[in-house]
Amino acid sequence: MPIKKPHIQLAVIGGLGLLFDAMDGSLISYLMPIIKPMWQLSGAQTGLIGSALLIGILFGALAAGVLGDRIGRRKVMMYALFVYTAATVVAAFAQNWEFFFVMRVIAGIGLGAEGAIVPTFIAEFIPKKRRGFFVGAVAGFFALGYVAAAFIGTTVVANLPEGWRIAQLITALPVFMLIWWRRVLPESPRWLLTRGREAQAEEIVRGLEEGRLVPTPSKATPVRVAPGTKTPPLFQHLDLWRNGNARRTAVIWLLWLSVTFSFYGFFTWIPSLLVAKGMNITTSFTYSLIITLAQVPGYYSAAYLNERLSRRVTIALYLIGGTASAFFLSQASSEGMVLACGSLLSFFMNGCYAGLYAYTPEVYGTKLRATGMGSASAFGRIGGITAPILIGAAYPSLGFGGVFVMVMSVLGAAAVVVLLFGLSTSGRSLEEIDASPVSGIRSRGADDHEEDRAEPLKDEQPLQAERN
């Protein structure tokens, strides 16, 4: 199927969800220099608040995977949006750090669910020739959210007496998107087929062919289910490690752990680290805004390369770039060098995510796709949770340079793993990838693209084959 207007509409819908997720999640790095002296927090308490959202994201991503494969992608997207916006509004009125911490954990549950389910949802709608670009571009909305958070931090948080509270209310505005989503958002036809709802899936796909979105029918509409259809078990996580999935899962989990550790360790602490180097809060926020802006070309350049170089090679390339940037940042002796190297690290780190968000949903079958994506994202959050705490505790002894040597080591190890063991998915339908044998996951050389360009198997029903 060629790319049509509904595909672009779905990309925008999913992208906006990720944009506001990122805006809310990134804002904490601009709130910490304000709330730390206000509540007289210790380094450990500050690090705990920095990790609060990630604790919630871990559980939210796990829940999204379980529920996404069981009740559908659409419902999880909408419930997640409501949870994080409601918790963010309540957090804006916190009077102590303990209550603020609890609300940030709850907001993280919504954020984690949204971030895990949107790439899965989008990947199941986009034709194989453009899937890597589209999913990477949708993930690029994260960068726009981080830029928005940096702008809010620089203009609202730093300049208004109660700016840190006002900023959180601003990030809760996307709750109004629920009205739009309920009206236009279809369910994934691939998921519907796994539940025996073939007529409904056919109706949605026919709408895509005709250039329109067909929203999922309401509960009042009768839904025919194919006889013999079984509800999948609530927990399928053991399947991630059997039936040929173990090596895929090991590679994906290591990538998520490495990238998330480095990303959150860097972006949670960069304003505070700049202050520690002698800058005032306003200057550090301005530098942080410039560094954050580098995320935008990082995401979209990687989205472009997802189709040109394959997801696996793109991820490795940006991991190597991040490794070099972290090394030069550790050696930076002037504010200009900090700004330049920090911007490069921002560029490459977010390019990694554009590759990861496109890559992860592809390596699992439809019945396991949301569980695989949610579990990988959740496992990665362990790195995100520990990074702010570890960096906060290690900074007094390691110093500015030592922190980024640690980041460099993590990224370099991940680059080696994905190059040696990653599965190439470019130019292949989700069904082809799911059918790949374990032996297909290996270090690949000059024949990569020949295999990637292999023609799909012909179906006896030409129209259905074209839709696939």
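Reader: Why does Arg-73 count as buried?

Author: Happy to start there. This is a predicted model, and in it Arg-73 has a relative accessibility of 0%. Buried means under 20% relative accessible area, so Arg-73 counts as buried.

Reader: What makes the pair Arg-73 and Asp-69 a salt bridge?

Author: The closest N and O atoms of Arg-73 and Asp-69 are 2.8 Å apart. A salt bridge needs a side-chain nitrogen of Lys or Arg within 4 Å of a carboxyl oxygen of Asp or Glu, so this pair qualifies. Asp-69 is buried too, with a relative accessible area of 3% set against the cut-off of 20%.

Reader: How do you know that Glu-124 and Arg-73 meet in a salt bridge, and which parts does the pair tie together?

Author: The N to O distance is 2.6 Å, and the limit is 4 Å. Glu-124 lies in the loop between α5 and α6 (131-139), while Arg-73 sits in helix α4, so the pair ties together parts that are 51 residues apart in sequence. Glu-124 is buried as well, at a relative accessible area of 2%.

Reader: Which residues are linked in a network of salt bridges?

Author: Asp-69, Arg-73, Glu-124 and Arg-369 are linked in that network. A search of the whole structure finds 11 salt bridges.

Reader: Why are Arg-212 and Glu-210 called partly exposed?

Author: Partly exposed covers the range between the 20% limit for buried and the 50% limit for exposed. Arg-212 has 41% relative accessibility, so it counts as partly exposed. Glu-210 has 49%, which puts it in that range too. Their side chains meet in a salt bridge of 2.9 Å, N to O.

Reader: How do you know that the buried residues of α9 line one face of the helix?

Author: In helix α9 (residues 177-184), the residues Met-177, Leu-178, Trp-181 and Val-184 are buried. Viewed down the axis of α9, they fall within an arc of 145 degrees, so they line one face. An α-helix has 3.6 residues a turn, so residues three or four places apart point the same way. Exposed residues Ile-179, Arg-182 and Arg-183 are carried on the face turned away from the buried side of α9.

Reader: What do the buried residues of α9 pack against?

Author: They pack against α1 (5-26), α4 (73-91) and α5 (97-123).

Reader: What makes the nonpolar surface patch, and which element gives the most to it?

Author: Phe-59, Leu-62, Phe-82, Val-83, Val-102, Ile-106 and Ile-109 make the patch, of about 550 Å². The elements that give two or more residues are α3 (43-70), α4 and α5. With three residues, α5 gives the most, and Phe-59 is found in α3.

Reader: Where is confidence lowest, and where is it highest?

Author: Helix α19 (residues 448-452) is lowest with a mean pLDDT of 37, and α5 is highest with 92. Over residues 438-468 pLDDT stays under 50. Where pLDDT is low, the predicted coordinates should not be read in detail. The protein chain averages 80, and 84% of the residues score at least 70.

Reader: How many helices and strands are there, and how much of the protein chain is buried?

Author: There are 20 helices and zero strands. Of the 468 residues, 60% count as buried.

Definitions and conventions. Residues are numbered from 1 along each chain as its sequence is written. Side-chain values use heavy atoms; hydrogens and water are left out. Helices (H or I, at least four residues) and strands (E, at least two) are DSSP runs, numbered from the N terminus. Buried means under 20% relative accessible area, exposed over 50%, partly exposed in between (1.4 Å probe, protein chains only). The arc is that of the directions from the helix axis to the C-beta atoms. Contact means heavy atoms within 4.5 Å. Patches are made of residues with over 30% relative accessible area and no salt bridge: like charges are joined within 9 Å, nonpolar side chains (Val, Leu, Ile, Met, Phe, Trp, Tyr) within 5 Å. Accessible areas come from the Shrake-Rupley method with a 1.4 Å probe; for residues, only the protein chains shown count as cover. pLDDT is the predictor's confidence in each residue, from 0 to 100.
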